[in-house]
Amino acid sequence: MNIPGNIITLIAGVAMTLISLWYGQNHGLLPLAASKDAGDVDELFNFMMTIATGLFLLVEGVLVYSLFKFRRKKDDTTDGPPIEGNVPLEIVWTAIPTVIVFILSIYSFEIYNRMGGLDPMVAGDPGPKLAHAHHHGQLVALSPIIDVALGLGVSPDSDQGIAPLEIKVNGIQYAWIFTYPESGVISGEIHVPVNRPIALTMTGGDVIHAFWLPEIRIKQDVIPGRETNLVFTPNKVGQYPVICAELCGAYHGGMKTQLYVQSEEEYAQWIKDNTFAMNDNGESVAMNPPSNPDAEFLASYASDIGVDADALAQLKP
Amino acid sequence: MSTTLERNTPVSPPPPEKNEHRQRKWYEYYGYSTDHKVIGIQYLVTAFILYFIGGALAEVMRTELATPDPDFIQPEFYNQAMTMHGSIMLFLWIIPAGAGFANYLIPLMIGAEDMAFPRLNGVAFWIIPPGGIFFLSSFFLESGTAQAGWTSYPPLSLISGTWGDEIWILSVFLF
Ligand SMILES: [Cu+2]
């Protein structure tokens, strides 16, 4: 049976498109998405993955096909036909990447805007503001008199009615310190209520760190002497890692903590517990419920902090 | 008759072979040369040696990472190995190897006699070996070599491995 070449090409093209579309949604490379921003980022990532899969199949397919189709015949020692370029082909393979790059740049800029990257408020600029330029869901024209934002602000799509919960973040070698100005709680872990915008104001105490929340899909440098911002709205209850993503010294690898996204009630309880503990001691040490003796509390961390059981037993209650 | 005479007319001796196209002695590859092919090979061999040093540092990191505990090297040395691995692979492998291929191949491909400034070309290569030795010598410092990553961001680069990072930045200027 002799199937015409253009039919085979058509079938291959359709198959390639379907495989790319399927793989773009089912690559399984991303961790859990626990915020609205994460959905936006994944949308862009999946779109890029679809294009990349299609290009990979096309380029590698042509390569492998040519390896077999144009293999040197046995006893053929000639140089082969002299081929001197192909102008239409070159125009095509220059135009396709150009179009792809344009689409990706516009699309990623739109996603960045949706995440709040163009919010003039995060620039922290005391000068004149561009109040009129901020429309919902549209690109914002940046005026040269406004600093470029360091971080992410409030998303133009988000519900403006809910006041964001403000948390101050301090990155030091090698820990994250979270301060809740509303309640005065200071903690080494970050607890937030679900479905409420969280506004982080971050700075570094010593060197440059980077605050990374893989499940929220946001990451922002934390710089000594400057403030950077992140606004995000977690939408799934759970416990997620917080990781330092900028080499900050010998123990950079250990600069990790946890983000606890909790229900309103659990969060309120956590704030209450920690506020109480602080008032009791008159100083800002959080955690460690008073019912737990130090030894019992520390036991689970003994191997991490390099103390053995005997040393723990000697701790005064 | 006349043809024989013409044939016997002594012709001027062939011009001395140009420096560029002579067969090379082995030792010429170890010295200053203005031949683009010699310089190309010098670049490639030097870069390849440094590539192995950079690779050995990667092996050190991988060995450490085989288990979660810091049982093979200390955290400080891990960052030194990482910084030097990155810097060597960039400044002493990719860049010189690219220069090596460019030196060797481009004049041949475009049909040029040699590179545009052969002596400058030779000098440029001879910055690499002493620069590389200077760079690697910082491993023997008491405070260790650079450990702030190949981007060497301050303030981290100012407070960790001070002398190491000093040598690091001087070497990067040199390359
Ligand atoms: Cu850090």
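How many salt bridges does a search of the whole structure find over all chains? The search finds eight.

## Model and conventions

This is a predicted model: local features need pLDDT of at least 70, side-chain atom pairs count only at pLDDT 80 or more, and totals for chains, interfaces and linings use all residues. Residues are numbered from 1 along each chain as its sequence is written, chains are lettered from A and ligands numbered from 1 in the order in which they are written, and side-chain values use heavy atoms, with hydrogens and water left out.

## Salt bridges

A salt bridge here is a side-chain nitrogen of Lys or Arg within 4 Å of a carboxyl oxygen of Asp or Glu. One pair is A:E43 with A:R114, whose closest N and O atoms are 3.3 Å apart. This pair links distant parts of the chain. A:E43 sits in helix α2 (residues 36-69) of chain A, and A:R114 in helix α3 (residues 87-114) of chain A, 71 residues apart. Helices (H or I, at least four residues) and strands (E, at least two) are DSSP runs, numbered from the N terminus.

## Interface of chains A and B

Contact (heavy atoms within 4.5 Å) involves eleven residues of chain A and twelve residues of chain B. About 820 Å² is buried between the two chains, with carbon and sulfur atoms giving 71%. Buried area is the accessible area (1.4 Å probe) that two parts lose on being put together, summed over both. A:V207, A:L247 and A:A250 supply 53% of the area that chain A buries against chain B, more than any other three residues.

One residue pair is in polar contact, both at pLDDT 80 or more. A polar contact is a pair of N or O atoms within 3.5 Å; within protein, one must be able to donate a hydrogen and the other to accept it, and residues adjacent in sequence count only if both atoms are side-chain atoms.

## Backbone exceptions

Most residues other than glycine have a negative phi, and most peptide bonds are trans. A cis peptide bond joins A:Q173 and A:Y174, with omega about -5°. A:Y174 lies in the loop between β1 (165-172) and β2 (175-180) of chain A. Another cis bond joins B:P154 and B:P155, with omega about 0°. B:P155 is in the loop between α5 (128-137) and α6 (156-159) of chain B.

A:N195 has a positive phi, near 60°. This residue belongs to the loop between β4 (190-193) and β5 (198-204) of chain A.
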